[in-house]
Amino acid sequence: MTWLAPAAQGPISYDDEEEPAPPMPADEAAARRACTMCHLFVEPDMLTRKNWAEQILPRMMVRLGVAVPDYASSPEGALIKARKIYTEKPMIPVEEWPLIEHYYLTHAPEEPLPQDPRPPIGIGLPLFKTEPPRFRTPLPTTTMVQIWPERRQILVGDERTETVTFLDSDGRPTGVMRVGNVPVGFFENEGRHYLTCVGSFMPSEIYRAEVKEMLFTNGVPAGLRTVLDHLPRTTQMAFGDFNEDGRTDFALCMFGNLTGRFSWFENLGNDRYEEHVLANQSGAMNCYARDLNGDGHTDLAVLMAQELEMLIYMYNDGHGNFTGEMKFQKPPVYGHSYFEFADFNHDGLLDVVVCNGDNGEYSSPTKKYHGIRVLMNRGNNLLEEAFFFPMNGVYGVRARDFDEDGDLDMAAIAYFPDYKKSPRESFVYLENQGNWRFKCSTFRECISGRWLVMDAGDVDGDGDIDLVLGSHIHGPEAVPVPRPLLRIWEQQGPSIQILRNQLRDHRLAPPLQPDQPAAGG
């Protein structure tokens, strides 16, 4: 595929009648040269001075080869050294490093920039019924929730137990399958069922991720078959006949940690696959297989996190050869966490709704640029930001017409909300009021769990769209969780929470008043 790198910053030309711009200060010029070698430039005010001094600049020194990596401080140090992740020679003149430090430490703020204004998040979801959870694992570490509407089941994956539990439409367990790995995704294709298993929930360079096929006998779970193993931390897969030979292939997001990749696997028949690497970088979060340009071939779209922080469309020539086009890119501090396609204006074009809210890599304050963005497709896959909802630590969103009034609403979860100032953003329902106005609300028990995963679908077969949230309480602690709240999660916090759509039930409860406090708020 063709890879589009960040645009190099070359010399600037001026018209004869224009006044030349003043020369750039030496420290800023050095910072821009160094940063844009690998990613988009990060402005100093995107992080606090403390973050720059204690977290980012020391890491930059290692990445740029100005400092020697401390392999002994990491339990995976020998493995990282063997993979030659860090350069052995300086990538910049060493004498420029003091200029870079000076630039960031001089211009960074003491406190994080405030969030943009947003509508208040009220308490009360008249469209949804919050049911008491009927399933819980001790110390919940839910890594997957999947609604299986054909069977009216919910599949729940758990990191600590390394299991998938099958729940009925009321949320009661009916069976459990031991996986021996950490399940994060469930996928169906041509009557077969697959799990992606991340290997390690926390960042790791050990390749222990797997793709497994779930086997059933008369609808009853009967075992597992390993399809692929020894993979970088793997998140999601998407199916399509990419070389049009009549056999269904699949693409695989191998997020990894410091190393990873995004590949498609050619189906050779008899459950044999050949890997074709499309992007040999870490950070592949999630992907979709669609005909993106209307030429009849199945293309791929993938969201890359880590330092890349970009959405890439990969156009297929019908023979499994892909050409990449970067649709947007943000600085590495943005922390993208999820995207999906939607059609907000009913023009038949694929719009994009994307979340950036990852805040778990290092101790970090809230970030004003975290939130939900809707990118409208203006034709020819030209994406233009039309809406932004500030939301600390947002980790997932589902754009659906939950109330069936003809427009798309959104439901979103935050794994790193601001527990001190805005605990209600743990879950937010944005009801579309038209003209990019949304009424924002949550349920009273919104911080009864720490919501990592979510799915939307018809759990009970009544035709409307329900929601299931999954709680993982022992994740990264870069954003501190109040200790009393953590103890409550440990003692009685649910593994999942069902929000049952009451559209087919005319006995809707009246909404609560917006000024009623949220739980823990």
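Predicted model: local features only at pLDDT ≥ 70, side-chain atom pairs only at ≥ 80, totals over all residues.
R83 forms a salt bridge with E205, where the closest N and O atoms are 2.8 Å apart. I noted that E205 is buried, with a relative accessible area of 0%. R83 sits in the loop between α3 and α4 and E205 in the loop between β8 and β9, so this pair ties together parts that are 122 residues apart in sequence.

I then turned to E425, whose side chain meets that of R118 in a salt bridge of 2.8 Å, N to O. The two residues are 307 residues apart, with E425 in the loop between β24 and β25 and R118 in the loop between α4 and β1.

The next pair I examined was E340 and R400, which meet in a salt bridge at 3.0 Å, N to O. E340 belongs to strand β19 and R400 to strand β23, so parts that are 60 residues apart in sequence are tied together. E340 is buried at 4%, while R400 is partly exposed at 25%.

A search of the whole structure gave me 24 salt bridges, and I also noted a network of salt bridges that links E131, R134, D460 and R500.

Lastly, I checked the surface and found E244, D291, D295 and D317 gathered in a patch of negative charge. D291 lies in the loop between β15 and β16, and I recorded D291 as partly exposed with a relative accessible area of 34%.

Definitions and conventions: Residues numbered from 1 in each chain as written. Heavy atoms only, no water. Patch = residues over 30% accessible without salt bridge, like charges linked within 9 Å, V, L, I, M, F, W, Y side chains within 5 Å. Areas by Shrake-Rupley, 256 points an atom, 1.4 Å probe, with all protein chains shown as cover. Salt bridge = Lys/Arg side-chain N within 4 Å of Asp/Glu carboxyl O. Lys, Arg positive; Asp, Glu negative; His and termini not counted. Charge placed at Lys NZ, Arg CZ, Asp CG, Glu CD. Helix = DSSP H or I, 4+ residues; strand = E, 2+ residues; numbered from the N terminus. Buried < 20%, exposed > 50% of the residue type's maximum accessible area, 1.4 Å probe, protein only.
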